[in-house]
Amino acid sequence: MSDPAPIRVARVAVPVPLDRLFDYLIPASEPTPAVGARVQVPFSGRRLIGICVALNPEDAHKQLKPLLRVIDQENFFGEHLWELANWLADYYQHPLGEVLATLLPGAARSVEKLPATTEEHWQLTGTDVDAETASLARAPKQQVLYQRLVALGGLASASLLRSEGYARTVLKALQAKGLVRRTAHHGKPPSLERPGERLELNSEQQHVLVELVSRLQQFAPTLLNGITGSGKTEIYLRLIEQVLGNGRQVLVLVPEIALTPQTVARFEQRFGSAAVIHSAMTDRARLQVWLRAARGELQILIGTRSAVLTPFADLGLIVVDEEHDASFKQQDGLRYSARDVAVKIAQQLKIPLLLGSATPSFESLHNAATGRYQQLRLTERAGGAAVPGFHLLDLRGRKLDSGLADDLLRVTGRHLKAGGQVLVFLNRRGFAPSLLCGQCNWRALCPGCDRPMTMHRSPAGLICHHCGRRDPLTESCPECGKVGLIPVGQGTQRAEAALRRHFPDLPVYRIDRDTVRSRARLEAQLEAIHEGHPAILIGTQMLAKGHHFPNVTLVAVVNADSGFLSPDFRAPERTAQLIIQVAGRAGRAERRGEVYIQTYQPDNPLLKALLEQGYEGFAARELEARQAQELPPFRPIALLRSESSNASVANQWLNQARALLPDSLEVYGPAPAIIERIADRWRFQLLIVARNRQILHAGVRNLKKLPPLPANVRFAIDIDPYDTF
Ligand code: ADP
Ligand code: ZN
Ligand code: ZN
């Protein structure tokens with residue numbers, strides 16, 4: 001009896017919101033699954049696709065149902081992503097089953113065979129470009145396509161060429177002459193001289209690139225701290241070129257809203273093709289990209305937050321653009337930070353990581369200051385554009401129209417007349433943040449949140465921005481019946497209406513969450529803006545992120561004060577980033593830009609520090625305050641959140657959690673959240689602060705001992721929370 005015990009039991013992570021794993025018998029008809037393989041299992045009357053996480057666990061039950069089918073012979077996730085999944089589960093204190101369910105592309109939750117993924121590409125066969133071009137003198141269509149392929153580095157996807165209008169028959173003609181060949185793989189492009197394709201780097205950029213290239217073969221996290229328009233993207237492109245030249249893959253993470261056709265086009269123009277992954281894609285398309293990355297069939301992947309959870313065959317570089325952006329932090333389920341996960345992956349794979357921003361997060365600045373990241377700077381605008389001039393507009397005692405000062409409207413008129421575009425930034429969507437009755441003081445409040453409902457005009461309604469509740473807009477007061485309620489405060493719709501009144505002949509484009517619900521509409525608007533004719537752009541922070549609007553010469557910040565008044569400890573950092581980012585949209589081309597900032601508190605020390613000392617001076621000052629208060633990034637924190645329709649139950653649950661936490665942690669609460677109730681659920685939170693990460697994690701692991709969660713409570717552990725509301 002020397003044979004090891006036969007493998008009979010698989011422990012399976014099932015995609016259900018339960019913090020536990022399930023054991024199944026492996027029937028004799030099925031092969032032994034690998035750890036990480038997909039298996040089909042019966043689960044309360046349904047058939048689900050789960051992931052085998054262990055074989056023959058010692059504590060398996062005796063009475064088990066058999067699993068239905070073993071789908072994969074190998075670990076579906078691959079070695080690196082599997083390791084990452086386990087790290088995610090431990091770091092973010094999230095059940096492994098749910099982590100795996102998050103990582104598994106939706107379309108892989110079936111027993112169907114995996115689709116083939118090779119995308120058709122076309123490649124030049126020779127390198128004597130001039131002679132071959134000349135040989136096509138009598139076939140102008142073929143010559144044009146040939147030259148386009150040269151400009152794309154000798155390689156392009158069939159879909160890109162199709163989208164650019166090249167006919168397949170022309171490709172076939174070139175193929176018949178032996179000048180191009182079809183490749184299933186997006187292989188290594190042949191090396192071609194491409195003069196005129198790239199910009200001549202300025203000396204700052206040159207220095208940065210040399211530094212980065214010297215550290216391509218190791219774990220090398222770098223903060224590229226470069227002002228808006230300083231040519232960071234150009235650096236990414238050059239570095240990526242090097243990595244692709246070494247035959248390795250590149251992942252580029254961008255903020256949610258920055259994933260526009262313009263961004264992707266810049267990469268495609270340089271490299272012939274770039275794959276894209278984002279949350280709005282179909283499951284099937286996502287799986288395709290996932291598999292192509294895992295099989296080494298794609299070279300560049302550009303994506304938003306979740307793209308960091310893609311497996312790669314041979315990843316050689318990760319770039320995180322606008323690394324300070326809040327959208328990199330997932331706010332529910334597995335609450336990971338894509339930026340922090342990128343650091344982990346780079347470390348695991350021993351590859352470089354490039355974090356770029358004009359307004360780096362305090363975490364990254366701190367990591368640079370303590371030597372964990374190398375910091376490289378770009379202090380000048382590339383291509384000769386000047387840094388915009390700032391003006392403060394003191395609103396006290398001034399006449400305003402819908403929140404816009406008469407001076408601001410005058411300056412707006414001047415810029416439009418001079419042929420420029422004007423960007424008006426107001427971080428509040430809707431028409432007015434509240435609606436009042438002038439007679440009886442009634443106010444439109446959300447019954448589920450006790451917060452003012454925002455009045456919207458198009459489409460008309462009262463909307464609660466916390467829970468999403470929608471009520472019809474009433475003409476008359478529901479309390480006293482008075483007709484004519486008063487909208488109080490400014491939203492983007494109101495400013496839009498005022499701007500249309502003042503400038504009736506020019507287009508006004510509003511960009512906020514209400515108008516960009518449809519991606520097609522956003523893209524159409526961005527395209528119109530890129531044409532560059534005089535126009536007004538009004539919008540929320542969506543306008544601040546990563547756009548390059550060459551013709552914007554004036555940026556107006558309608559209300560700079562609101563953000564600095566928020567109780568969240570990150571509010572000053574976030575507000576400063578927003579102001580600098582939105583200001584950075586001004587004057588990115590030949591014409592110098594101006595920035596006007598309206599404020600009721602021109603002496604606000606935070607605002608003054610930002611304008612007088614710039615973002616870095618501001619950050620240095622605020623970091624001192626964080627250090628004095630022993631807040632992140634000086635000490636790590638975690639936030640436990642609970643929610644219930646019954647306040648005392650939510651509170652009690654956190655007390656139970658608190659009792660499990662060791663004395664090595666500082667614990668504050670439970671206390672009601674700043675917004676105490678959303679959608680009829682009471683919200684409590686418990687803040688945990690620790691001297692260092694080891695202590696934080698060791699302590700928080702004790703929460704595994706919590707009893708099963710009562711049905712009427714929602715509970716989340718948020719490690720390194722971004723919002724502490
Ligand atoms: P960032 O990413 O830092 O905002 P970009 O890379 O988008 O900056 O560059 C801003 C603008 O300057 C772009 O229009 C870009 O084409 C241009 N640019 C970048 N580098 C150079 C350079 N070395 N010479 C001329 N123009 C440049
Ligand atoms: Zn009334
Ligand atoms: Zn509400």
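Against which helices and strands do the buried residues of H11 pack? In this predicted model, the partners of those buried residues are helix H1 (78-91), strand S10 (249-253), strand S13 (315-321), strand S14 (352-357) and helix H12 (362-369). Helix H11 itself covers residues 338-349, twelve in number. From its first C-alpha to its last, H11 reaches 16 Å, close to the 16 Å expected at 1.5 Å a residue. Its buried residues are Ala-338, Arg-339, Val-341, Ala-342, Val-343, Ile-345, Ala-346 and Gln-348. Just after the helix, Lys-350 adopts a positive phi of about 55°.

Cys-437 is buried, at 2% relative accessibility, whereas Cys-480 is partly exposed, at 34%.

The zinc ion (ligand 3) is coordinated by the SG atoms of Cys-446, Cys-449, Cys-464 and Cys-467, at 2.2 to 2.3 Å. This site is also tetrahedral, with angles of 107 to 114° among its four donor atoms. For four tetrahedral donors the ideal angle is 109.5 degrees. The donors of ligand 3 are spaced C-x2-C-x14-C-x2-C along the chain. Among them, Cys-464 is buried, with a relative accessible area of 1%, and Cys-467 is partly exposed, at 30% relative accessibility.

An open sheet of four strands is arranged in the order S30-S31-S29-S32, and the pairing is antiparallel. Strand S30 (666-678) and strand S32 (713-719) form the edges; each has a single partner strand, so one side of each is left without a neighbour in the sheet. On average, neighbouring strands are turned by 20° against each other, direction ignored. Within the sheet, strand S29 (residues 637-644) pairs with strand S31 (residues 681-689) over eight bridges, in the antiparallel sense. Ser-642 has Phe-684 of S31 as its bridge partner. Helix H20 (residues 693-700) lies across S29, S31 and S32, and runs at about 160° to S32.

Methods:
Residues numbered from 1 in each chain as written. Chains lettered and ligands numbered in written order. Predicted model: local features only at pLDDT ≥ 70, side-chain atom pairs only at ≥ 80, totals over all residues. Heavy atoms only, no water. Pairing = 2+ DSSP bridges. Helix = DSSP H or I, 4+ residues; strand = E, 2+ residues; numbered from the N terminus. Axes fitted to C-alpha atoms, helices over the stretch in contact; angles between N-to-C directions. Contact = heavy atoms within 4.5 Å. Expected span 1.5 Å × (residues − 1). Buried < 20%, exposed > 50% of the residue type's maximum accessible area, 1.4 Å probe, protein only. Donors = N, O, S within 2.8 Å, 3.2 Å for Na, K, Ca; no water. Tetrahedral: all angles 85-135°; square planar, octahedral: opposite > 155°, others 65-115°.
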